[in-house]
Amino acid sequence: MTTNEFQVTGMTCGHCEMSIREEVAEVPGVDDIQVSAQTGKLVVTGSDSLDDAQILAAVAEAGYSAVRTV
C-alpha cells in the first residue's frame, strides 16, 4: 500500500474536490482519494507505487496545481 500526499492550490468548494477526485480516479493504480478544499490536502492511496507525474497531471487537468508534500 502506497500513500502520497499533495498540497493543492485553488480549491475553494466541494465542486473543486469533486473535479479533482474524478480526474485522479482515472490514474492507474489509485485505490482511494481523499481531498479537502478546507485544508488543500490531497491524499492518494494505491496498492502499488503511484506515479506522481500522472497524479499531478490529473490535478492540472481538473484546473488546479499541486506539489507533493510527503
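Strand 2 and strand 3 run antiparallel to each other and pair over 5 bridges; two strands count as paired if DSSP finds at least two bridges between them. Helices (H or I, at least four residues) and strands (E, at least two) are DSSP runs, numbered from the N terminus. This is a predicted model, so local features need pLDDT of at least 70 and side-chain atom pairs count only at pLDDT 80 or more, while totals for chains, interfaces and linings use all residues. Residues are numbered from 1 along each chain as its sequence is written, and side-chain values use heavy atoms, with hydrogens and water left out.

Put together, the 4 strands make an open sheet in the order 2-3-1-4, with antiparallel pairing. Strand 2 and strand 4 (65-68) are the edge strands, since each pairs on one side only. On average, neighbouring strands of this sheet are turned by 25° against each other, direction ignored.

Helix 1 packs on this sheet and touches strand 1, strand 2 and strand 3, where contact means heavy atoms within 4.5 Å. The direction of helix 1 makes about 165° with that of strand 2; axes are lines fitted to C-alpha atoms, for helices over the stretch in contact, and angles run from 0 to 180 degrees between N-to-C directions.

Which residues of helix 1 (residues 14-24) are buried? They are C16, E17, S19, I20 and V24, with buried meaning under 20% relative accessible area (1.4 Å probe, protein chains only). These residues lie on the same side of helix 1 because they cover an arc of only 160° around the axis, the arc being that of the directions from the helix axis to the C-beta atoms. Their cover includes strand 1 (2-9), strand 2 (30-35), strand 3 (41-46) and helix 2 (52-61).

Although buried, E17 has no salt bridge, and the nearest side chain of opposite charge, R21, is 4.6 Å away. A salt bridge needs a side-chain nitrogen of Lys or Arg within 4 Å of a carboxyl oxygen of Asp or Glu; for charge, Lys and Arg count as positive and Asp and Glu as negative, with His and the chain ends not counted. Leaving out residues up to four places away in sequence, E17 touches V35, S36 and A37.

Key
Buried < 20%, exposed > 50% of the residue type's maximum accessible area, 1.4 Å probe, protein only.
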